Each structure stands twice: as C-alpha cells, then as structure tokens.
Amino acid sequence: MAAVAARVRSDLWAPLFAERVKVVVGLLTFAIVAGAHLARVGTPATRIAAAVLLIAAVVGPAVAELVVRRRSRDPRKVVGSAGFVLGRREVDAALAQVALAERIERSSDHEGVSPALARLHAARALGRLDLGRLRPRGEGFGDLARKLSLGVVALALVVLVVAPARFVEGLDVALAQKGVAPIALPWLDAVELTVHPPAYVHKTDARYHGYGAFTAERGAALVVHGLPRRTGRTLVLADDYHEVPFIDDGSGGVVAHWSVTVSGKLRVRARFGAVAIEEPHGWELTAIQDEVPLVTLEGAPDTIEIAKTDGAIALRYDASDDHGLREVHLVIRIGTREERRVLAKLDGEPKHDRGGHVLRTSDPLIRAARTPVRVRVEARDNDPITGPKWGRSAELTLIPPVIGAAEAKRYEKMREVRDTLVDVLAKALASSKAPGAASAKELEEAFDKAADQLETYLATSHDGLRAPPRVASTARGRLRKAREAVTALAKSPTAAAHAAALAGIEKLVLGVDGAVRSLGFRDARTIGKLISGVADDAADGIRELGLSASGMSAKDDSRENKENAEAKARVEVDVGAIDGGGASLRRLGELGRDLGEIVENDLKRVARARGAGDHFHAELAMRDLALRMRDPVSSFGGGGGNPSAPGEPTDDEETGEQSEGESEAGNQEQKLEDLAKEHGENVGSVEDLLRDAEDPKQLEGLEEEAKKRAKKLRDAVASLPKIGGLKKTFEAAEAAAREKVESMADALEKLQLGDAKERGESSLKAVDEARDRAWVVPGADEKLESVGTEVQKQLDWIDDLLKRLRKAAAAKAAEKVKGAAPREKDLGKKAEDVGESSEKVAPLPGPVKDLLDEAARKMKDAAEKLEKGEGDKGLELQKEAQRLLEKARDAMKGQEQPSGGEGGQKQFDPDDKVDIPKVDDHKGPEAFRKRVLEGLRGKASPKLQDAIKRYAEGLVR
C-alpha cells in the first residue's frame, strides 16, 4: 500500500507540484489585473469583489498546499486521489481489500480467516492497478499548469502594455478610503483659471496659468479650462463641499464653471463611481467676504438728558464699506417701536459717506416720548450676492424728562387750585346769609385771586402739558357763572345773591375736584402703561445679560464684552426711568400711590435678584412688573375693602375716566358739532339755489378778454426764472412766484374766476416773499413790484365781474331762496337754545358762549335777508354764522381758543389729540357734491368756486 502511494506521489503529483510556483504567480497576476479593472468601476460591490478575488488568489494556493500535504500522509487518500487515472472501480476494490485485510488482522479471532490470505488478496488487488499510466498523466498535468500560468502572465503583460493607466487607476480606486484614492494622478494639461469678479466690486478679470494660490470675492465666477490627458474619464472640479463637472468645450478641451462662496482647496478630480482620484496639484482659494458696513456715530455710546440740551442734538456719522454703500438710515427706537429716516440715498458706488443730522427735541416723536429714546445710524451695502447687509453704529440714549413728572406737576398744580377754591368756599360758608358790603367785597377779592390762579393754571403749559380741553371748558364755564354770581353779590349783598354766589362757588369747587380725581386716575393709568413698555425693554436687556453670563453666546470675546456692556447700560437706564416713573405715580392720587408702591417693590425684587447674579429671576420679576402695569388698576376694590384681582377694575375705576363736568362738556361739544353740520347743509342748499340760477351765457363774449388778460400776466413774469435751484434762495422765490402767476393765468383763460382769484391771492404772497430777498440783485425789486401790480389789476377785474354775476344770480333766485329762510330761523333758535340750556347744566366758557350768541344773531339776520329774497347777502351772513359755529366748536375741543374775555389765551397744544372729521361731516345734497367734484377737476361757475373751496377745506381739515 505504501509503495503504491509513493508511486502515485512521485508519478502523478510530483510533475504538477513542480509547477506550483508558476501557477501561484499566474493566479496572482490574474487576480491583480482583473481585480484592478473590476475595482475601477468604483461601486462598493465591484470594489468588494476585487478584494475577494485578490484574497482568493493569495490564500487559495496556500490552502491547497496545506490540504495536499495533509492528504499525502494517508496512503489510502493518496491512492484514492489517482482513481480518475487508474479507474475508480479498480482503485475502490483494491482499497476495500486492503481495508478488509487490516480489519482481519486487528480482530482477535481473525474472523475465521487467515490474515496471510487476506494480505495476499489485498496485494493482488493492488497489483492489478496499472501504475504505468500515472507518469504520463502527471507530466501532462504539469505541462498544462505551466502553459496556463505562462498564458495568464502573458495576457496580463499585454493588458498592462496596452492600457497601463486603467490598471493604475483600478489599483488606486481599490485602495481608496472615504471616497478618495490615495495616489494622486494628473488629469489636465495647459490648465488656465479665469476669475470674473462680481460686477458690484468693479474689478477686471484675472487669469492664472497652472496651479497655485489666488484670491476672489465671494460671488465671483471661476472658469477652469484644460486639455485632458486621457479621454473617457469623468472629470470634476471640487472642493471639500461640492463639485461641478467638466464639459467639452468643442475644441478638444474641457471647461468647468465655479461660483466662489467660501475659502478652501480646489482640485481637479476624476470620478470613478463613488471614488475620486485627485490631481496632484490644485488651487488654494481665499474667498474675500463682503464685509458689513462700518458705521460710527460721534459720541456713541453715550447718554444724553433731553432736558439739558438746547433743543437740538447734533448727530455726526461716518459710514464706510469695502465695496459700496446704498443708503444710510437714522434709526430711532422707543421701547419696541422703531422709526427709520433716510439720511442718504447712494448709488452703490461710494465706499464712504460722512454726514450729519440735527435731531430736534421738538420732533413729534421725541417730544411725545416718555421712555428712553435710543438713536443709532445704520448703513446698507450693495452686496447682490448674499443680499444687502446693514451695519449699525453704537447707540445714543436720550433720556426724556422723568416719566410722569409733567403729569404729576400738572396734577399738583390743579390740587393747589382746588384747595384755593375750597378756601374761598369756606369763606363764603362762614359769612352770614346776608353779608354786608365789606364782607361781600372781601369775598369777591378772594374769589378773584382764586379765579386768576385757575385761569393761570388753564392757560399755562406744565412742562409741555396743558389741562385737558374738556376740563378747561368745564372749569371756564363754571368759573364764568360763579364770577357773575359773586359780582352780583358784591353789588347787592342780599340773601338771594349770597345763596346764588354760594351755589356757583360750590359747583365750581365740585367740578374742579372731580376733574382732579379724574385727571389723577387717567394720568396714573397712562404712566403705568408707559412703565410697562420700559419694563419689557429692561427685561429684554436682563435676558441678554443672562445669556452672556451663561456662555451661550458664540461671538468673540471683545464683541461679547461690548454687547454685554451695552445691555447693562440699557438695563440701568430703563431701571432709572421706571424708578422715576414710580416716584411720579406716588404723586398722583390713590391709584397712583398704589401703582407707585407696586413699582417700588418690584424694583427691589429685581435689584435683589441682580445682586445675586440670578438673571433669570430678575427677568421674571421685571416681566411681572410689565404685565401688572399693562392694565394699571387698583390692587384692592372700594366699598367695604373687598379686594379685587389686579387687572380687574373696580366700580369706581370704571367710572373714573371722566368727571361729571367733562362728560357734560362732551355733550355740549356734540351739540355744537351737530349744529354746525346742520347749518353747513343749509348753507349748501342756498349755494345750490344760487348756482342753479346762474346763467352761463353771462360769461359769453369774455373769452377773448380773459385770454388777453392771461397773456398780460404771462408777459409780466416772462423774465423770471423757471427753475429756482436750491431752496430758500432768491431764484427759488422768483421761480415760485412765476409758477403761481402762470397758474392764475391758466385759470383766468378758462374763465374759472373763483379759482383764478384764489391763485391770484396766492401769487401776491409769493411775489411779496420774493421781494423780501430781492435786495441781493439790483433792480429786482422794481421788476417784482410791476408783477404784483399786474396781478392786482387782474384781481380787481375778477372781483368786479364776480360781483355782477352774483348779483344777477341772486335776483333770479329770489323766490327760491325764501324757502331756506324758515330752516335758517330754526337753526338760529336752536343755537339760542343750546346756549340757554348750557347755562343750567354745563355753562359754556364766556368766549364760546359769545361766539354762539353771535352766530345765532347772524343766522337770524340771514333768515331775514333770505325772506326778502336777497340770496347773496343772506348767504354771506350764513357763511359768517358757519365760521362762528365752527370756531365755537373748535374752541370747545381745545383746537382753537378765541381771544378776548375770560380765558383769552390760546388753548391748542401740540400734545393734545386732534379730532379728525367723520366721513359724513358737512354732507350736503348729492347734486351739490357732484358739482363739487366737477369743479375740482375743471371749469365751474364763479359763484360755485367759493363753495368748492370751503368744501375742499372741510375735506382736508
């Protein structure tokens, strides 16, 4: 058996084993070349398959060698392996005989068979095997293995010679990590990079040959051009974030377009599936970011007290940008409200702008401010790539007078007036029912002093605040009645006169006392709401401080420290404003004292939390204060002391918005408003009647005359300049005068006489303004004087013509206008009734009552003229009555205070609210409204021009 196995090893196995090195080399060569080409596809599956193939080529021969060595130790397996050469049946039979002989020999009783006989049979079975066939077959296998190995190596060499690059690329791809091959390979020749800067930077293109470092503005367009070294590769231009493909340029080259966004490395890559092989060289790109405009405001950051300024705050700014500026804004922020004003409009070309602005304390926004005003300057650049960016300066904080200080001062002054009046009332009560002349005179003197004090209070501005119009109206009305009664007592000191004087003084004291309580209540609520807004702003500042302290800010240290300081200063200013507002509240009656204590206590809570570095609870306390002041009502209800929840008004508070006197004054205002509207409608009806009576034929034949006069006007201003240049110059005044005179000529030429008259009067004013500056040019005054003379000449002609036209129209409409007389008479009676009823309920101020009485008389006279058919005279009286009614109405609202008599000072204050007329105010007949619209846009009769003017003024009031 051993001999047969040795023969198999020597004759069959040995020739093949002799060629095993060549086989291994062939297998490895095949695995490397095939695996490289397979891995070159670049997909994960192909790369794994290539790796498996290479591992199999290396590990397979070693495993086969190990298996063969182990099998060669077992003679049966060695002989069995030759079954395909010696015959499988013969080999299996021989091996069975050998196995039988061995089993018999191992058996104790030899299974009844002779062991020698069994070995003989086994030897004969092995002897029958034709071992001579082993060597030829073994040599054949060895020769085949040698030839196959040499063929594979030769084929691999041919592939490498024909396409070495593909082999190298495949190996590179196979060894890639994270999608990038380890070995860089060149891909392009004659590389050229062109940089196209964005248009807004106004730079020329830059060209670079080869690779290297360069800079480009963000948004610049890069064009990379080159000649590919090898075709059939997918080339891309890439950085660490994205890539763009190269495309054929049509002339054998490739081109890629790139938009600059960030700095980084640019590389040319060949893309093989998910793997990229980079170019050995590339570009180091430095992207120039468009900087935010740099803005500085002179003196900022700083705090300025408005009360200590001279009425104007000079703001000087300096703004610059790396490429160009578009606009500069002044930003004014009051609490959460922000207003922007344009300081400069630029075309994006200038890189630097310097300017100034005067912010006046009389500015409505600044004047109305009761909380800190923050002012800064912002500039916008011209970046079209990432969008415009705003740069902002540090802020100037303008500190207005203490919140509520003016209201508190006004309230305290009114309390002083009330106390003085109470003293007068006490004096009146202490006197006998029938005082003597001396006692009555003494009471009159005391009353006069108190009345003067009240008048002074009503006529004086208390740090910019006046008494509310209805308070003033009520006080003046009751003061008038009380003064009449006291004067009557001084003249005739009787018991009845004393009772009337006492009643008048009592009503005056009660009215002023009610106004004091109502004013204190309203002012306390107003100040509380102002404090709420400041508290919200302070809470935002505390929140910023908390975020900075907790390290949540991602900014650099210097900027963080700067913003932290700004936030801290902002909080300190707001806390100071709130504290001042709380002090003012404590001076404003019961509600004010209650709210003032709340403010004081909450500020202590905020201070304790900030002192402990607990910004969260400091913000929470400030938010609580803001919420409490948002609806400032008493902490406790009245009537038995039952508490009501904060934010729920008590019964007293619900009725505390207006005193009884103010409510009565409001009713009087409404009555005057209704009366003025009704009378305006009656005026419109008379105007309609006169207009209908006009005869357009009366203007016929005047066209040529009007054209001649219009030409004279144009000739008079022909030498004046048309364009005035800068404002407030003599040339500008001359140009304005010429424009107005030519406008008058246009209206005159169209026979729009009423319009021409109005424009002529405006022209005279413009000529006078120009003459005020005429001293700068010799002879200019004489020239302008001649223009004024010509304008006045044409105005006189227009007036004469209008008088004739009106007279003729009035005569024609005589019968019709009589129908308007009854209503005019009724309205006059209604005006008298309003005056008389007010004496019993809510006395009107003396000047208002005088205006109303005069209007009633005018209406009565107008009714008489209308009854006689004198429409033109009646209409003039109606217009006078209407002006008096409107003047009385406006005086009651505090919009206009008539001069003379009691309270002759003007009561209008810019801080007071102005009532805007309703849509249906002065609503006349529909036909009249239609004619108004026609007159506003074209030719109209002279009689209608006055009505148009009055109506238009009413629309824009």
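In the predicted model, strands β1 and β4 (residues 221-228) run antiparallel and are joined by 7 bridges. Within this pairing, L193 stands opposite V224 of β4. Both strands belong to an open sheet of 5 strands, in which the order is β2-β1-β4-β8-β7 and the pairing is antiparallel. The edges of this sheet are formed by β2 and β7 (247-248); each has a single partner strand, so one side of each is left without a neighbour in the sheet.

A further open sheet, also of 5 strands, has mixed pairing and the order β3-β10-β9-β5-β6. Here the edge strands are β3 and β6 (243-245), each of which pairs on one side only. From one strand to the next, the twist averages 30°. Inside the sheet, β9 pairs with strand β5 (residues 234-238) in the antiparallel sense, over 5 bridges. T234 has R271 in β9 as its bridge partner. Helix α9 lies across β9 and β10 and runs at about 70° to β10.

Aromatic contacts were examined next. A pair of aromatic rings is described by the distance of the centres and the angle of the planes. The count of aromatic pairs comes to 3. One of them is formed by W187 and F272, which are tilted, with 50° between the planes and 6.2 Å centre to centre. W187 is located in the loop between α9 (164-174) and β1 (188-196), whereas F272 is in strand β9 (residues 264-272), so the pair ties together parts that are 85 residues apart in sequence. W187 counts as buried because its relative accessibility is 1%, below the cut-off of 20%. F272, at 6% relative accessibility, likewise counts as buried.

Another tilted pair consists of Y211 and W283, at 4.7 Å centre to centre and with 50° between the planes. Y211 lies in the loop between β2 (206-209) and β3 (212-217), and W283 in strand β10 (residues 275-288); the pair therefore ties together parts that are 72 residues apart in sequence. With 26% relative accessibility, Y211 counts as partly exposed, while W283, at 1%, counts as buried.

A charged side chain was also found over an aromatic ring: R340 lies over the face of W390, at 4.8 Å from the ring centre.

Terms used:
Residues are numbered from 1 along each chain as its sequence is written. This is a predicted model: local features need pLDDT of at least 70, side-chain atom pairs count only at pLDDT 80 or more; totals for chains, interfaces and linings use all residues. Side-chain values use heavy atoms; hydrogens and water are left out. Rings of Phe, Tyr and Trp (its six-membered ring) pair if their centres lie within 6.5 Å; planes under 30 degrees apart count as stacked, over 60 as edge-to-face and the rest as tilted. Helices (H or I, at least four residues) and strands (E, at least two) are DSSP runs, numbered from the N terminus. Buried means under 20% relative accessible area, exposed over 50%, partly exposed in between (1.4 Å probe, protein chains only). A charge sits over a ring if NZ of Lys or CZ of Arg is within 6 Å of the ring centre and within 35 degrees of the ring normal. Two strands pair if DSSP finds at least two bridges between them. Axes are lines fitted to C-alpha atoms, for helices over the stretch in contact, and angles run from 0 to 180 degrees between N-to-C directions. Contact means heavy atoms within 4.5 Å.
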